[in-house]
Amino acid sequence: MLYFNSSNRINSTSLWKPLFMLLAIFATPLTHAAHAEAARVLELSDRFLEVYNQGQWLVMFYAPWCGYCKRTEPIFGQVAQELHGLNIRVGKVDCTRFTNVAREMKIRAYPTIMFIKGSAKYVYNGDRTKEELVDYALRMSGPPVQLVTRPESVDMLKGSHTIFFIFVGQQEGILWESYNAAAENYQEYGFFYATSPDIASQHFDFEHLPALLVYKDEQHYVYPHAHVVDTMEGTEINETVHHWVNVERFTTFPKITRFNINQLMLTKKYLVVAVVEEDKLNQVATHELEFRDMVEAVIRKHRDRYHDKFQFGWIGEPGIAHSIILDTLPTPHVIVINSTTQHHYIPDDEPLKITPQALHIFLESIHNESATPLGGDTYFVRLRRAFFEAKKGLRDMWQGNPVLTTVIFGLPFGFLSLILYSIFCGDCFVASDEEDDHEKTE
């Protein structure tokens, strides 16, 4: 309640009436927009099993009680709105009602997002954001390699894609075949194109034909073995192209999440991770942001020095780092993960006192194997990790819903206590009754 002098008192009705009018004006279009987005998502039933192999589908398999599903649902509505008018149908299936569909599609977790093209099914494992899901659907709906036939199309690709690969030259020969095979293998994770030398030369610099390029961070980089393809065997070319695509499909300093960290580990590089903490609005404190920028500047300025062995990135959710080192970690901090052995390294210096020079020394000690590795992938570490994750999961459950956690774990312990009580204390009561009967008989 608001209080003013009697001569300047504001009537509560007159105060709130304009606000209600504004809410009515602005909230109505927003509500209609939300309903429109949700309406684009088809509610599928058991009949889906009869039609799913007709056309292309992006489908979310969910359960009504699943919290992650509820958070993903409005995003999925935005995706459906974005894809409206294309030849991709967007739908969702309630797996608690239509269990036959869940069984046929082999759904094991909620939500499961799947792209279906004919008889082929692809499970989406990326971040559940509108942009990532739309890009995924667009990639999967077309051929692995899409042709670029106009010079202005390259500018459009640069504006719409953070990263993409492009083949330059005649679409024949071992290099093209290897590139096409790599595109089929990594279609879920990146965009692949092909164009003529005339079009490519207006946008990129390359010395040999055919050429492979990757565009990212507003720069382009050339596949380094194109000039010696004639001296290499077919299997060697195929391996080097796949390896190059695998390690180049990430930006120089990506955000690492629970969804893409496993893909980053496949690079077989050392992962240099700046650990900061984002709030609910995805904002980072100023001193942590400065620390993250310092780590990013190291790879930006010294890409030639570190790119072959190190993949840099940053984490905004410290819990991911905690699961790696099996301990808590103050923010900001930096850790390095050996993606081959799963060992990790933590610098001895205090995080805020780490300078670019100190980071150089730390990375060099890891490269020459003089730094002490921690963790690993032994059975003992696996047991520790399982215990740590169980403890962390229980703590998160308690913080999220203490009443539900008490019910889930309290009821089984209560029943177990009653069973044990009846087993061990029941004999005591029987013995006591027998003694009383014996005394009465005497």
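## Cis peptide bonds

Pro210 lies in the loop that connects α8 (197-200) to β9; helices (H or I, at least four residues) and strands (E, at least two) are DSSP runs, numbered from the N terminus. The peptide bond from Leu209 to Pro210 is cis, with omega near -5°. Another cis peptide bond links Thr331 to Pro332, where omega is about 0°. Pro332 belongs to the loop between α13 (318-325) and β14 (333-338). Most peptide bonds are trans, and most residues other than glycine have a negative phi.

## Basis and confidence of the model

This is a predicted model, in which local features need pLDDT of at least 70 and side-chain atom pairs count only at pLDDT 80 or more, whereas totals for chains, interfaces and linings use all residues. Residues are numbered from 1 along each chain as its sequence is written, and side-chain values use heavy atoms, with hydrogens and water left out.

The mean pLDDT (the predictor's confidence in each residue, from 0 to 100) of the protein chain is 85, and 86% of its residues reach 70 or more. Residues 1-33 have a pLDDT below 50, and this stretch has five contacts in the model beyond near neighbours in sequence; contact means heavy atoms within 4.5 Å.

Strand β9 (residues 211-216) runs antiparallel to strand β10 (residues 219-222), and four bridges join them. Two strands are taken as paired if DSSP finds at least two bridges between them. Leu213 has Val222 in β10 as its bridge partner. The two strands form a hairpin with two residues between them, and Asp217 in the turn has a positive phi of about 55°.

## Positive phi in two loops

Lys106 is not a glycine, yet its phi is positive, at about 55°. It is located in the loop between α4 (99-104) and β4 (112-117). Lys106 counts as exposed because its relative accessibility is 61%; buried means under 20% relative accessible area, exposed over 50%, and partly exposed in between (1.4 Å probe, protein chains only).

Gln342, also a residue other than glycine, has a positive phi near 65°. Its place is in the loop between β14 and β15 (343-345). With a relative accessibility of 33%, Gln342 counts as partly exposed.

Thr257 sits in the loop between β11 (255-256) and α10 (261-265). At 13% relative accessibility, this residue counts as buried. Its side chain makes a polar contact with the side chain of Asp127 (2.7 Å). A polar contact is a pair of N or O atoms within 3.5 Å; within protein, one must be able to donate a hydrogen and the other to accept it, and residues adjacent in sequence count only if both atoms are side-chain atoms. Not counting residues up to four places away in sequence, Thr257 touches Asp127 and Ile320.

The buried residues of α9 include Ile237, His242, Trp244 and Glu248.

## Nonpolar cores

A nonpolar core is a set of buried Ala, Val, Leu, Ile, Met, Phe, Trp, Tyr and Cys residues joined through side-chain atoms within 4.5 Å. The largest has 25 residues, of which Val295, Phe312, Val336, Leu359, Leu363 and Ile366 touch the most other members. At least two residues of this core come from each of β12 (270-275), α11 (286-301), β13 (310-315), β14 and α14 (356-367).

Leaving aside neighbours within four places in sequence, Ile366 contacts Tyr270, Val336, Tyr345 and Ala371. A second, separate core of 23 residues includes Leu212, Val229, Met232 and Ile237.
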